[in-house]
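Here is a short briefing to read with the model open beside you. Take a look first, and then we can walk through the fold together.

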Amino acid sequence: QVQLVDSGGGLVQGGGSLRLSCVASGRALSDYHMGWFRQAPGKEREFVASITRSGDYTRYADSVKGRFTISRDNAKNTVYLQMNSLKPEDTAVYYCAARYYTNPNYNSWGQGTQVTVSS
């Protein structure tokens, strides 16, 4: 099982940017499709973005399309989420997640990193 550590969250003004990182250990990241999810207070965890293990294909929630970019560097065992034009409604705890390429479900999760966007 791969272990994941999220980082990069913080407090930012609306319109600002942050870059989240997720470092994997224990297994080669290249065997895993990766995703970012978020959970705001009082709400369920929701999908934000995903990237295939080769990095060829990405997918985004409609709410972040055009503002967020997911990327990966398999040589560094790291996945990134670049977040631009942040809005107060982006405030949440962000989690990276991994699923082995033959597994339809995400089964490894980071500890989460808090993103707070002020208006």
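In what order do the elements of the protein run from the N terminus on? They run β-β-β-β-β-β-β-β-β-β-β, and the secondary structure comes to 0 helices and 11 strands. Helices (H or I, at least four residues) and strands (E, at least two) are DSSP runs, numbered from the N terminus.

A note before the details: this is a predicted model, in which local features need pLDDT of at least 70 and side-chain atom pairs count only at pLDDT 80 or more, while totals for chains, interfaces and linings use all residues. Residues are numbered from 1 along each chain as its sequence is written, and side-chain values use heavy atoms, with hydrogens and water left out.

**Overall build**
- With 119 residues, a compact globule would have a radius of gyration near 14 Å, and the 13 Å of the protein agrees with that; the radius is taken over C-alpha atoms, and the globule rule is 2.2 Å times the number of residues to the power 0.38.
- Along the principal axes, the C-alpha atoms fill a box of roughly 40 × 25 × 25 Å.
- Of the 119 residues, 43% count as buried, meaning under 20% relative accessible area with a 1.4 Å probe and protein chains only (exposed is over 50%, partly exposed in between).
- Among contacts (heavy atoms within 4.5 Å) between residues at least 6 apart in sequence, 55% join residues at least 24 apart.

**The open sheet**
- You will find 4 strands in an open sheet, ordered β1-β3-β8-β7 with antiparallel pairing; two strands pair if DSSP finds at least two bridges between them.
- The edges belong to β1 (3-7) and β7 (68-73), each with a single partner strand, so one side of each has no neighbour in the sheet.
- From one strand to the next, the twist averages 15°, with axes fitted as lines to C-alpha atoms and angles running from 0 to 180 degrees between N-to-C directions.
- Strand β3 (residues 18-25) pairs with strand β8 (residues 78-83) in the antiparallel sense over 6 bridges.
- Leu 20 stands opposite Leu 81 in β8.

**The disulfide**
- A search of the whole structure finds 1 disulfide (a pair of cysteine sulfur atoms within 2.5 Å).
- Its partners are Cys 22 and Cys 96, with sulfur atoms 2.0 Å apart.
- Cys 22 lies in strand β3 and Cys 96 in strand β9 (residues 92-100), so the pair ties together parts 74 residues apart in sequence.
- The torsion about the S-S bond of Cys 22 and Cys 96 is about 50°, so the disulfide is right-handed.
- Cys 22 and Cys 96 are both buried.
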